[in-house]
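Open the model in your viewer and keep the sequence panel beside it. The stops below are meant to be taken in order.

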Amino acid sequence: MGNWIKRVTLSPDQVKDRIFELVDENGDRELSLDEFMDGARRDKWVMNMLLQVDLNLKDWMQERQCSADF
């Protein structure tokens, strides 16, 4: 039998909640920079999710500038 990979689609809120569960070391529902960095390095799923985030800030800033011109 072949390996079956179950793809689960998570909402952005579900991704956020899972990241917090995995990297919030003291359980205060706030992430320090150290917790965030350590958690991202330690957990492959977290790192994969972070690498999928589109941080195209240049386009976002241009859109904001254009909308402010009106």
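**Before you start**

This is a predicted model, in which local features need pLDDT of at least 70, side-chain atom pairs count only at pLDDT 80 or more, and totals for chains, interfaces and linings use all residues. Residues are numbered from 1 along each chain as its sequence is written, and side-chain values use heavy atoms, with hydrogens and water left out.

**Stop 1: the whole chain**

Show the protein chain as a cartoon. Its secondary structure consists of four helices and zero strands, in the order α-α-α-α from the N terminus. Helices (H or I, at least four residues) and strands (E, at least two) are DSSP runs, numbered from the N terminus. Of the 70 residues, 17% count as buried; buried means under 20% relative accessible area, exposed over 50%, and partly exposed in between (1.4 Å probe, protein chains only). Take the contacts between residues at least 6 apart in sequence: 23% of these join residues at least 24 apart, where contact means heavy atoms within 4.5 Å.

**Stop 2: helix 2**

Select residues 33-42, which form helix 2. Which residues of helix 2 are buried? They are Glu35, Gly39 and Ala40. Looking down the axis of helix 2, you find these buried residues within an arc of 120°, so they line one face of the helix. The arc is that of the directions from the helix axis to the C-beta atoms. Helix 1 and helix 3 are among what covers these residues.

**Stop 3: Gly39**

Stay in helix 2 and pick Gly39. Its relative accessible area is 0%, so Gly39 is buried. Leaving aside residues up to four places away in sequence, Gly39 touches Val23 and Val46.

**Stop 4: helix 3**

Now select residues 44-52 for helix 3, where Trp45, Val46 and Met49 are buried. They span an arc of only 100° around the axis, which puts them on the same side of helix 3. The cover over them includes helix 1 (12-23) and helix 2 (33-42). On the face turned away from the buried side, look for the exposed residues Lys44 and Leu51.

At the N-terminal end of helix 3, show the side chain of Asp43. Asp43 caps that end, with a side-chain oxygen 2.9 Å from the backbone nitrogen of Trp45.

**Stop 5: where helix 2 meets helix 3**

Show both helices together. Their axes come within 5 Å and cross at roughly 105°. Axes are lines fitted to C-alpha atoms, for helices over the stretch in contact, and angles run from 0 to 180 degrees between N-to-C directions. Helix 2 and helix 3 are therefore roughly perpendicular to each other (65 to 115 degrees). Helix 2 contributes Phe36, Gly39, Ala40, Arg41 and Arg42 to the contact, and helix 3 contributes Lys44, Val46, Met47 and Leu50.

**Stop 6: Arg29**

Finish in the loop between helix 1 and helix 2, where Arg29 is found. Is Arg29 buried or partly exposed? At 47% relative accessibility, Arg29 counts as partly exposed. Check its backbone too: Arg29 has a positive phi of about 60° although it is not a glycine. Most residues other than glycine have a negative phi.

How values were computed:
A polar contact is a pair of N or O atoms within 3.5 Å; within protein, one must be able to donate a hydrogen and the other to accept it, and residues adjacent in sequence count only if both atoms are side-chain atoms. Angles under 35 degrees count as roughly parallel, over 145 as roughly antiparallel, 65 to 115 as roughly perpendicular and the rest as oblique.
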